[in-house]
Amino acid sequence: QAQLVESGGGLVQPGGSLRLSCAASVAGITVLGWYRQAPGKQRELVATILLNGNTNYADSVKGRFAISRNKAGNTVNLQMNSLKPEDTAVYYCNVRTPWGQIWGQGTQVTVSS
């Protein structure tokens, strides 16, 4: 059964760093990514990475966040630096295959002093 296991969320002060990881037990992965949803807001793209390594970032995180994957293409990481209170949200791992997409259960990231 396809499964995504996320880890790495938590509470951090403004300006701090966190690293999220997502391990995927999924066949046929084409795109790995992270999305987030803040209270009262729609889920939004944070970053994606293709199997060829090409990346895409939301403008709000460019220069602060970095997405990466392992060589096997079944683990995706999100290094988050210079965190701001507005980065507070539930972060979801997302994996796309030729047959659809799968979401992780979400991990809370809270940026607060």
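A polar contact here is a pair of N or O atoms within 3.5 Å; within protein, one of them must be able to donate a hydrogen and the other to accept it. Keep that in mind for Asp-87. Its side chain makes such a contact with the side chain of Arg-64, at 2.7 Å. Before we go on, remember that this is a predicted model.

Let me stay with Asp-87. Where does Asp-87 lie? Asp-87 is in the loop between E8 and E9. Is Asp-87 buried or exposed? Its relative accessibility is 0%, and the cut-off for buried is under 20%, so Asp-87 counts as buried. Now its surroundings. Leaving aside residues up to four places away in sequence, Asp-87 touches Arg-36, Arg-64, Phe-65, Ser-82, Val-109 and Val-111.

Side chains of opposite charge can pair when their charged atoms come close. Take Arg-64 to begin with. Arg-64 and Asp-87 form a salt bridge, with the closest N and O atoms 2.7 Å apart. Arg-64 sits in the loop between strand E6 (55-57) and E7, while Asp-87 sits in the loop between E8 and E9, so this pair ties together parts that are 23 residues apart in sequence. Both Arg-64 and Asp-87 are buried.

Next, Arg-36. The side chains of Arg-36 and Asp-87 also meet in a salt bridge, 3.0 Å from N to O. This pair links distant parts of the chain. Arg-36 is in strand E4 (residues 31-37), and the two residues are 51 residues apart. Arg-36 counts as buried because its relative accessibility is 6%.

Arg-36 has another partner. It forms a salt bridge with Glu-44, where the closest N and O atoms are 2.7 Å apart. How accessible is Glu-44? Its relative accessibility is 36%, so Glu-44 counts as partly exposed.

For the whole structure, a search finds four salt bridges. I have described the ones around Asp-87 and Arg-36. Going back to the bridge of Arg-64 with Asp-87, salt bridges that share partners join Arg-36, Glu-44, Arg-64 and Asp-87 into one network.

Now the disulfide. How many does the search of the whole structure find? One. It joins Cys-22 to Cys-93, with 2.1 Å from S to S. The angle about the S-S bond is -85°, and the link is left-handed. Cys-22 lies in strand E3 and Cys-93 in strand E9 (residues 89-97), so the pair ties together parts that are 71 residues apart in sequence. Cys-22 is buried, and Cys-93 is buried too.

Strand E3 takes us to the sheet. Strands of a sheet pair through backbone hydrogen bonds, either parallel or antiparallel. Which sense do we have here? Antiparallel, in an open sheet of four strands with the order E1-E3-E8-E7. Why do E1 and E7 each have a side without a neighbour? Strand E1 (3-7) and strand E7 (65-69) stand at the edges, each with a single partner strand, so one side of each is left without a neighbour in the sheet. From one strand to the next, the twist averages 15°.

Look at one pairing in detail. Strand E3 (residues 18-25) and strand E8 (residues 75-80) are antiparallel and pair over six bridges. Leu-20 stands opposite Leu-78 in E8.

To finish, two things to find on screen. One is the network of Arg-36, Glu-44, Arg-64 and Asp-87. The other is the disulfide of Cys-22 and Cys-93.

Technical notes
Residues numbered from 1 in each chain as written. Predicted model: local features only at pLDDT ≥ 70, side-chain atom pairs only at ≥ 80, totals over all residues. Heavy atoms only, no water. Pairing = 2+ DSSP bridges. Axes fitted to C-alpha atoms, helices over the stretch in contact; angles between N-to-C directions. Disulfide = S-S within 2.5 Å. Buried < 20%, exposed > 50% of the residue type's maximum accessible area, 1.4 Å probe, protein only. Contact = heavy atoms within 4.5 Å.
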